[in-house]
Amino acid sequence: MSSYQGDAHGNSTFFESEEQVETKIVSVYTPLIYSAILILSLVIFGSQYRKRRIAKMAELPSIFDDNDARDIHLALKEMNDEQPVHEKVLKAALLNRGAEAIRRSFKMKELEPQINILYKNGSIGEDYWQRYQNEVKLIELEFKQTIQEAEEIQPGWLQMFVVVAKEICFNQALARRYNSILKRKKVCAEEWELKLDNNGKLIE
């Protein structure tokens, strides 16, 4: 009997201890807050990682010459912070920058089959292949930046900006081709000792 009372007393003590456990009410917003903090941290980390990756790619030597169109546009933007620059001047510089990005993009697409063949045959090393891949990504990023700035300068100007930038790119290509023909004609005339009139016709 005493043992039963002892067991009963022990059980009652056990249940009393369970009854004394405090329960804390957690707000339904707590998981949402934790999720928001986690997502925000991932976004910040992804943004910082992308910036470091772009900076690392930009450190590699470029396949092309210096980008004068981009440098001129950035210089005008810095001048605009100190002294206002006319909007048409900024638009013209941005269009020229976009045209240069399009020209480089076309050039990389033309080189892509040859570069792939040379890389597969082992004719070019891993360093040059990495430079080519980085150059393609940087050109894509450059064109995206020009598009974003075009939308910031004038909302709704995006479609017209792309069309005009392509026309400028094609006109510049024709001008370069025409100038190269003139230079070649001059070199040939000097080598063959030909005499030409002002219209470019041969003088017999």
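1. At roughly what angle do the axes of helix α4 and helix α6 cross, and within what distance do they come? In this predicted model, the axes of α4, which spans residues 87-120, and α6, which spans residues 158-191, cross at roughly 70 degrees and come within 8 Å. The two helices, α4 and α6, are therefore roughly perpendicular to each other, and the crossing in which α4 passes α6 is right-handed.

2. On the α4 side of this contact are Leu94, Leu95, Asn96, Gly98, Ala99, Ile102, Arg103 and Phe106, and these meet a set of residues in α6 that includes Phe161, Val162, Val164, Ala165, Ile168 and Phe170.

3. Lysine 109 counts as exposed because its relative accessibility is 54%, where the cut-off for exposed is over 50%. Although lysine 109 and valine 136 are 27 residues apart along the chain, their C-alpha atoms are separated by 8.9 Å.

4. As for confidence, the protein chain has a mean pLDDT of 80, with 73% of its residues at 70 or more. Helix α4 has the highest confidence in the chain, at 93, whereas helix α1, residues 2-19, has the lowest, at a mean of 47.

5. Some care is needed at the start of the chain. Over residues 1-19 pLDDT stays under 50, and for this stretch the model has zero contacts beyond four places in sequence. Where pLDDT is low, predicted coordinates should not be read in detail.

Methods. Residues numbered from 1 in each chain as written. Predicted model: local features only at pLDDT ≥ 70, side-chain atom pairs only at ≥ 80, totals over all residues. Heavy atoms only, no water. Axes fitted to C-alpha atoms, helices over the stretch in contact; angles between N-to-C directions. Helix = DSSP H or I, 4+ residues; strand = E, 2+ residues; numbered from the N terminus. Parallel < 35°, antiparallel > 145°, perpendicular 65-115°, else oblique. Left-handed = near helix turned anticlockwise from the far one by under 90°. Contact = heavy atoms within 4.5 Å. pLDDT = per-residue confidence, 0-100. Buried < 20%, exposed > 50% of the residue type's maximum accessible area, 1.4 Å probe, protein only.
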